[in-house]
Amino acid sequence: MCFSATASFSLSAILATVGGASVARAESPRTRLFAAIPLLFAAQQAAEGTVWLTIDTPPSETMLHRTAVMSFLALALVIWPLWAPASLWLVEKSEHRRKVISAFFALGIVIAAVAGTLLLRWQPVASIAGHSIDYQHATMGNLIPEWVLLLAYAVPTVGSFFASTIAMVPKIGAMLFVSLVVAAIVKHAALTSVWCFFAAALSVLILVAVTRMNSAPSMMFASTGSPEGAG
């Protein structure tokens, strides 16, 4: 699906529709950031579709291509580590779990700051790797093992889902984690591109989770008892 411009734009349109429906069903303002996760993925896929279309652009006409590459990586590496824990903190009712998610958000700030700095200082480059896009960008790989960097990124972006008491959210986190591992193993050279496809495919679960929050408030929490007692 993410392996061509047509597929990326088609998936972006589908995700935008899912995201619009999810936000429309978010009855509480605190739920809307979580409900809008599919819209984030839609923006990523639109950016990658533009990367596909402009990847062979002549050097004299590369502004659109560079903007698309930067936008895609910024959404994946800067926005997502902040968006995930922030959206879950807003909907969480357990004070204990909110403190845990706050810690994930603090780590996300560090990850986002480092990633943003590297993206601004070194121009990322996109190239075709098989049937996906390989994004070459500056990392701290020469100083820190790549698996450590991947783990540091996954902790705030995926780990915050496991800290939530909201029904279905830990399951979404588990699927995100599995998707990340599969993408790292199967398409190591194009990890960022491929994992974002897997994550985008889970957007429908966000819609279902938001719907359940509204239709059955008593089922909103994964654990029994009052939310304050969860943990």
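Student: Which residues of helix 3 meet helix 4?

Tutor: Contact means heavy atoms within 4.5 Å, and helices are DSSP runs (H or I) of at least four residues, numbered from the N terminus. In helix 3, the residues that meet helix 4 are Ile37, Leu40, Phe41, Ala43, Gln44, Ala47, Glu48, Thr50, Val51 and Thr54. Their partners in helix 4 include Phe72, Trp80 and Trp83. This is a predicted model, where local features need pLDDT of at least 70, side-chain atom pairs need 80 or more, and totals for chains, interfaces and linings use all residues. Numbering starts from 1 along each chain as its sequence is written, and side-chain values use heavy atoms, without hydrogens and water.

Student: How is the packing of helix 3 and helix 4 described?

Tutor: Two packed helices are described by the angle and the distance between their axes. Helix 3 (residues 37-54) and helix 4 (residues 63-91) pack at about 160°, with axes 8 Å apart. Helix 3 is therefore roughly antiparallel to helix 4 (over 145 degrees).

Student: How many aromatic pairs are found?

Tutor: Rings of Phe, Tyr and Trp (its six-membered ring) pair if their centres lie within 6.5 Å; planes under 30 degrees apart are stacked, over 60 edge-to-face, the rest tilted. The whole structure has three such pairs. Phenylalanine 72 and tyrosine 135 are stacked, 4.8 Å centre to centre with 10° between the planes. Tryptophan 80 and phenylalanine 161 are tilted, at 6.3 Å and 40°. Ring pairs also link Phe41, Trp80 and Phe161 into a cluster.

Student: Is tryptophan 80 buried or exposed?

Tutor: Buried means under 20% relative accessible area, exposed over 50% (1.4 Å probe, protein chains only). Tryptophan 80, at 2%, is buried, and phenylalanine 161, at 1%, is buried.

Conventions: Axes fitted to C-alpha atoms, helices over the stretch in contact; angles between N-to-C directions. Helix = DSSP H or I, 4+ residues; strand = E, 2+ residues; numbered from the N terminus. Parallel < 35°, antiparallel > 145°, perpendicular 65-115°, else oblique.
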